[in-house]
Amino acid sequence: MEMTAAVHVGVLDPPKPSAEAARQSVAVAVENPSAPANPPPAASPAAPPADGKPPSSATLAAPLFGALAEPHVEHMLDTGAWSAQQTALQTRATFRLWIEFHGDRPVDAYSRRDASAFMEALRKLPRMHGRSPLFKGTMRRNIEAAERLAAKGKGQPLLTMKTIKRHMSALHGYWDWLRQHGHHEFASNPFAGFDFPSSKPASEQRSMWDDADLKRLFMSRLWVGPDVDRRSAAYWLPLIGLLTGMRLEEIAQLHTADVRHRDGIDFFLVHAEDERRTKNANSVREVPIPGALVALGFMKLVAERRRTNSKRLWPDLSGQGPDRRLGAYYTRRFTEYRREIGIYKPGVDFHSLRGTFETLVLNAGASPVFVKAIMGHSTSDLLGEGSRYLKHVTLKNKLEAMNMLRLGVDLGHLLPSTR
């Protein structure tokens, strides 16, 4: 009761101002007639939350998808979470597709249904999206174009399940990163729990090149006839792919300085420097130049490039696509050429030359460990914990394995001495 009475007294009968306060009030009124004689007290600062903690990310406005996309990529590169620029480029491409398909919205505005719709669209997206003249439109328009072609019996290869999984994993990782770094608190990750079946339709499977098609390829006008250009990328890239197992982009981006010599062996240095890229950490490697390539005159081409101070080994290639990939430019040309000479088959492409090399050299008896080192693959599935202790496979061992390759097609007509 005493407390209640005290409150009522304070409200109904406020204390009178002192004489000094009254004099100050009069002075203010004289100096500034418009000012109130008794100005209101300054507003007190907002009271902190009852628990003394700052507002959680759940109470903050969700950022737009695109607002933190690039900071995420840069953070992953800076911290070493991603070991290759290739991962950054692929992730940026995924983010571009997502925004193109669903728009740039606050991240909490996307649902599981949006994630599912995006995956379904990826399953229908042509593999040459953004690279072929047939598919230069938006994601939705390119899907429609591919469906129209398929209805006419001209079906195009679609994205592989491996590529679809990569896109979805990039988005899953972005959502996790946003939550882990306090940018937004999600009830769940809409990209979690999707299945990516390993079985693929026949149109998506990569096969080996058979001997008949290899013969038709290397007997066609790019290699035989009056218009052959033995200095062009079109002439050499398939030969290098078949005889070394290197990836298309690894070959296409070679600089003249990447052809090196040590211990009596010429080799390619595959690495990420300047605009060059590698797929992952295992991709950085030294690949010997096999005797077959030397016999075909490849080192003479290298010497010519050096005489003319050519930085790139293939100055006739141009970058294409959002990432300006040299391999993308060549892929389109190689696909068109295979159609022209009648050997185009879905699933048998430039990358299939790599698989053909690997299969043939293993069948010839080469060490699987040496072959993985040549290909730029991890050896952990072969050696388990022992892979940690295998620090280096010598150029000599790699070269001996590569020279075991036995093709079912004769390339003797390409030897310089026979021309």
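## Overall make-up

How many helices and strands does the protein chain have? The protein chain has 17 helices and three strands, where helices (H or I, at least four residues) and strands (E, at least two) are DSSP runs numbered from the N terminus. This is a predicted model, in which local features need pLDDT of at least 70 and side-chain atom pairs count only at pLDDT 80 or more, while totals for chains, interfaces and linings use all residues. Residues are numbered from 1 along each chain as its sequence is written, and side-chain values use heavy atoms, with hydrogens and water left out.

Of the 419 residues of the protein chain, 42% count as buried; buried means under 20% relative accessible area, exposed means over 50%, and partly exposed lies in between, with a 1.4 Å probe and protein chains only. Among the contacts (heavy atoms within 4.5 Å) that have a separation of 6 or more, 65% join residues 24 or more positions apart.

## Helix α4 and the residue after it

Helix α4 covers residues 85–102, and its 18 residues, at 1.5 Å a residue, should span 26 Å, which agrees with the 26 Å between its end C-alpha atoms. The expected span is taken as 1.5 Å times one less than the number of residues. The buried residues of α4 include Ala88, Leu89, Phe95, Leu97, Trp98 and Phe101, and also Gln86 and His102. The buried residues of this helix pack against α3 (69–78), α5 (112–124), α6 (139–151) and α7 (161–180). Just after α4, Gly103 takes a positive phi of about 85 degrees.

In helix α17 (residues 395–402), the buried residues are Leu395, Lys398, Leu399, Ala401 and Met402. Seen down the axis of α17, these buried residues fall within an arc of 160 degrees, so they line one face of the helix; the arc is that of the directions from the helix axis to the C-beta atoms. They pack against the helices α9 (233–244), α14 (350–363) and α15 (368–375), and also against the strands β1 (259–262), β2 (265–270) and β3 (285–288).

In helix α8 (residues 211–218), Asp213, Leu214, Leu217 and Phe218 are buried. They cover an arc of only 125 degrees around the axis, which puts them on the same side of α8. The buried residues of α8 pack against α9, α13 and α14. As background to both helices, an α-helix has 3.6 residues a turn, so residues three or four places apart point the same way.

Thr356 has its place in helix α14 and is buried, with a relative accessible area of 1%. Leaving aside its neighbours within four places in sequence, Thr356 is in contact with Met208, Trp209 and Leu242.

Ala328 lies in helix α13 (residues 326–340) and counts as buried at 4% relative accessibility. Not counting residues up to four places away in sequence, Ala328 touches Arg131, Glu249 and Gln320. Ala328 and Leu248 are 80 residues apart in sequence, and their C-alpha atoms are 8.9 Å apart in space.

## Loop residues

Most residues other than glycine have a negative phi. Asp263, in the loop between β1 and β2, is not a glycine and yet has a positive phi of about 55 degrees; Asp263 counts as exposed at 68% relative accessibility. Asn309, in the loop between α12 (298–307) and α13, likewise has a positive phi of about 55 degrees although it is not a glycine, and Asn309 is exposed, with a relative accessible area of 67%.

Glu275 is placed in the loop between β2 and β3 and is partly exposed, with a relative accessible area of 41%. Leaving aside its neighbours within four places in sequence, Glu275 is in contact with Gln253 and His255. Glu275 and Arg325 are 50 residues apart in sequence and 9.5 Å apart in space, C-alpha to C-alpha.

## The cavity

A search of the whole structure finds one cavity of 30 Å³ or more. On a 1 Å grid over the protein atoms alone, a cavity is a set of points where a 1.4 Å probe fits but cannot get out, and lining residues have an atom within 4 Å of a point. The largest cavity has a volume of about 30 Å³, and its lining consists of Glu250, Gln253, Leu254, Asp258, Leu269, Val270, His271 and Arg276.

Conventions. On a 1 Å grid over the protein atoms alone, a cavity is a set of points where a 1.4 Å probe fits but cannot get out, and a pocket is an open set with protein on both sides within 12 Å along at least five of seven lines; lining residues have an atom within 4 Å of a point. Grid points are joined across faces, edges and corners, and a volume is the space filled by probe spheres set on the points.
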